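Today I opened a new entry to record, step by step, what I looked up in one protein model.

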Amino acid sequence: MTSDDSSGTLDRYFSGISEYVFQTQLGVADTELIDYVSRLLIRFTRTESAQGVRTPHGQPATQIVAMLSEADQRLGEAKREVHRHIGDYTLFWSGLYPEALRGVETDQRCDQFVTYCTHGKRSYRIAGGIQSGEKPPSSQLLLRLSEQFELCAYGLREIRRQWERHDDADGPDQPLLV
């Protein structure tokens, strides 16, 4: 099996599990939104995608504050892409790994989970407000992601539960059938 084959298998797995969770469990019939969430999962399996925003010195911006600072210094489609990345990054973490964000105390004793959701919704809204010509995703989709951020995060948590059930049912030595 080549790396392209395994990538195709992963694509099919995330597409199938996303469709199942969003359509069957959540009753969401928005195929464009479901496809976007599925592609987000696929993109974020690669570390370089999760570190998509770079500082002027070429270092990956992995903190929301640093990403927002980068977005403030950009214009047009570049600003849109950074805000879209912030939305994607915060959706990924608040959806799949909320336990990594809860209960983390800062000087203000703020729950990082709430902060991630707030910044994610805001960033998708800003990105959706910047016209991109023909470049996907559509502004309408980004605005829907802002409006339905919590639903999408919940859907990602359900996707994680599904793949964890697969892991438990298959056992550690069983191949995953897609």
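Which residues in helix 2 meet which residues in helix 5? I looked this up and found that Tyr36, Leu40, Leu41 and Arg43 in helix 2 meet Arg84, Asp88, Leu91, Phe92 and Leu96 in helix 5, where contact means heavy atoms within 4.5 Å. Helices here (H or I, at least four residues) and strands (E, at least two) are DSSP runs, numbered from the N terminus.

Before going on, I noted that this is a predicted model, in which local features need pLDDT of at least 70 and side-chain atom pairs count only at pLDDT 80 or more, while totals for chains, interfaces and linings use all residues. Residues are numbered from 1 along each chain as its sequence is written, and side-chain values use heavy atoms, with hydrogens and water left out.

**Entry: the two helices**

I looked up how the pair is arranged, and helix 2 and helix 5 pack at an angle of about 85°, with their axes 11 Å apart. Axes are lines fitted to C-alpha atoms, for helices over the stretch in contact, and angles run from 0 to 180 degrees between N-to-C directions. Helix 2 and helix 5 are therefore roughly perpendicular to each other, a term that covers angles of 65 to 115 degrees.

I then checked the helix lengths, taking the expected span as 1.5 Å times one less than the number of residues. The 13 residues of helix 2 should span 18 Å, and its end C-alpha atoms are 18 Å apart, which agrees.

For burial I used relative accessible area: buried means under 20%, exposed over 50%, and partly exposed in between (1.4 Å probe, protein chains only). In helix 2, the buried residues include Leu33, Ile34, Tyr36 and Val37.

**Entry: salt bridges**

I searched the whole structure for salt bridges (a side-chain nitrogen of Lys or Arg within 4 Å of a carboxyl oxygen of Asp or Glu), and the search finds eleven. One of them joins Asp88 to Arg43, with the closest N and O atoms 2.3 Å apart. Asp88 lies in helix 5 (residues 76-96) and Arg43 in helix 2 (residues 31-43), so the pair ties together parts that are 45 residues apart in sequence. Asp88 is buried at 2% relative accessibility, whereas Arg43 is partly exposed at 23%.

I also noted that Arg80 forms a salt bridge with Glu81, the closest N and O atoms being 3.8 Å apart. Arg80 is buried at 1%, and Glu81 is partly exposed at 24%. Arg43, Arg80, Glu81, Arg84 and Asp88 are linked in a network of salt bridges.

Elsewhere, Glu158 pairs with Arg161, the closest N and O atoms being 2.3 Å apart. Both are in helix 8 (residues 149-170), three residues apart, and are separated by about one helical turn.

**Entry: the whole chain**

How many helices and strands are there in the protein chain? I counted eight helices and zero strands. Of its 178 residues, 39% count as buried.

Key. Parallel < 35°, antiparallel > 145°, perpendicular 65-115°, else oblique.
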